[in-house]
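Here are some friendly notes to read alongside the coordinates. Please have a viewer open as you go through them.

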Amino acid sequence: MRRASAGVSLVQARLRRTLDGRRRMGEAVDLLPSILREVAAQSGIPAAGDWVLQASHLSGTQVVVLMVGQPGQPPAAVVKMPSTSDGVASQRREAEALAALRSAPSLGDLAALIPGRLAEGELGGVAYTVERAVPGVEGRVLLGGKDPAMKERVVAAAEDVIRRLHRATATTAVVDDELLERWVGARVRLLAPASRNAPALEGLEQLLRRAWEGRSVEVAWVHGDYWPANVIFDPGGALKVAGIIDWEWAAPRELPAHDLLYLAIHTRMRSEGRELGPVVQSLLAGDGAELAGGVDRETLLLVWLRHVAYNLTQSPGDARNWIWTSRNVDSVLRLL
């Protein structure tokens with residue numbers, strides 16, 4: 001009965017989100033002319049006041065996304081309007097992270113791959129950010145065909161560019177108490193509402209602390225949600241990366257595996273039609289270790305932990321979704 005009731009609650013929640021989403025979309029479109037005037041004022045682009053709405057959608061994290069630009073031209077900018085306090089905090093973190101990342105002199109020409117912010121603020125009680133649009137094609141679209149060679153080339157190009165960013169920002173660090181708290185302790189606490197298996201969570205924290213404490217490792221800036229939808233390719237067909245978008249989870253002093261291993265995991269998720277938890281389960285059980293590049297168990301668990309913890313930061317309601325938690329949290333904890 002509990003699962004049946006939970007299923008009804010999930011349907012009701014989805015219906016509410018749909019209705020709320022339509023209302024928020026209408027509010028966002030109404031505010032757009034005022035936002036575009038702010039873009040013109042803050043960015044010094046007078047033509048921004050003449051931009052029009054070209055496309056819109058509501059993201060999975062309930063952020064209204066509006067593509068704007070000159071009529072008949074490719075989109076010039078992306079307007080993002082989060083609908084929750086968590087979404088607003090996420091946009092703020094992204095702004096701070098990108099400002100810090102762009103200030104790194106070692107980035108060189110990689111800085112051109114990071115979308116520039118044109119404006120930000122609040123109008124009518126609604127927070128907004130506006131960034132330059134990256135013209136091109138999502139890697140996810142290029143993976144949609146049946147050509148396996150194309151899939152390999154897309155993934156290889158995405159790997160190459162993020163490795164360059166890692167090398168440009170890399171340092172060596174000894175995993176001390178501060179890193180252990182950020183990498184393990186804080187993220188385990190974020191996971192707690194999503195699982196009733198407190199002993200397994202405690203065991204996970206102990207395992208990871210023992211595995212990483214005192215180790216000397218290479219750390220770097222990471223994107224944090226690095227999968228093909230966030231990698232934009234030049235529309236000319238040369239499979240050149242034109243930009244990387246959605247940096248909400250970016251952070252310094254993290255393991256490069258958070259990008260590289262997650263890209264490999266997500267590629268497998270897409271090809272097998274499975275969620276994160278079941279794929280991580282398979283890898284922990286030794287199925288397809290070559291996909292993980294021979295990575296050790298503790299690195300795989302650290303990558304999984306960061307991803308599910310940050311997902312819960314953006315979408316706290318997932319902690320009450322027993323289907324999501326069963327597949328992506330408890331399925332992995334049961335193996336520990």
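Predicted model: local features only at pLDDT ≥ 70, side-chain atom pairs only at ≥ 80, totals over all residues.

1. The protein has 10 helices and 11 strands. Its radius of gyration is 21 Å, close to the 20 Å that the globule rule gives for 336 residues, so the protein is as compact as a globular protein of that length.

2. Of the contacts between residues at least 6 apart in sequence, 69% join residues at least 24 apart. The accessible surface comes to about 15,900 Å², and carbon and sulfur atoms hold 53% of that. As for charges, there are 39 positive and 39 negative ones, and their mean positions lie 5 Å apart.

3. After the helix comes Gly273, with a positive phi near 65 degrees.

4. Within helix 7, which covers residues 257–272, you will find His258. Is His258 buried or exposed? His258 is buried, because its relative accessible area is 3%, under the 20% cut-off. Leaving aside residues up to four places away in sequence, His258 touches Arg187, Val222, Leu302, Val303 and Arg306.

5. With 12% relative accessibility, Ala250 counts as buried. Its contacts, again without residues up to four places away in sequence, are Ala97, Trp221, Val222, His223 and Arg306. How far is the C-alpha atom of Ala250 from that of His223? The two are separated by 4.3 Å, although they are 27 residues apart along the chain.

6. Two backbone angles in this region deserve a look. Most residues other than glycine have a negative phi. Asp246 has a positive phi, near 60 degrees, and belongs to the loop between strand 10 and strand 11. Arg253, in strand 11, also has a positive phi, near 55 degrees. Asp246 is partly exposed, with a relative accessible area of 24%, and Arg253 counts as partly exposed at 33%.

7. Helix 10 (residues 322–333) is the one whose length I would check. A straight helix of 12 residues would span 16 Å at 1.5 Å a residue, but helix 10 spans only 14 Å between its end C-alpha atoms. Which of its residues are buried? They are Trp324, Thr325, Asn328, Val329, Ser331, Val332 and Leu333. Their cover includes helix 5 (177–191), helix 6 (198–212), helix 8 (276–284) and helix 9 (297–314).

8. Lastly, a residue from helix 1 (residues 2–43): Glu27. At 36% relative accessibility, Glu27 counts as partly exposed. Its C-alpha atom is separated by 27 Å from that of Pro135, which is 108 residues apart from Glu27 along the chain.

Conventions: Residues numbered from 1 in each chain as written. Heavy atoms only, no water. Helix = DSSP H or I, 4+ residues; strand = E, 2+ residues; numbered from the N terminus. Rg over C-alpha atoms; globule rule 2.2 N^0.38 Å. Contact = heavy atoms within 4.5 Å. Areas by Shrake-Rupley, 256 points an atom, 1.4 Å probe, with all protein chains shown as cover. Lys, Arg positive; Asp, Glu negative; His and termini not counted. Charge placed at Lys NZ, Arg CZ, Asp CG, Glu CD. Expected span 1.5 Å × (residues − 1). Buried < 20%, exposed > 50% of the residue type's maximum accessible area, 1.4 Å probe, protein only.
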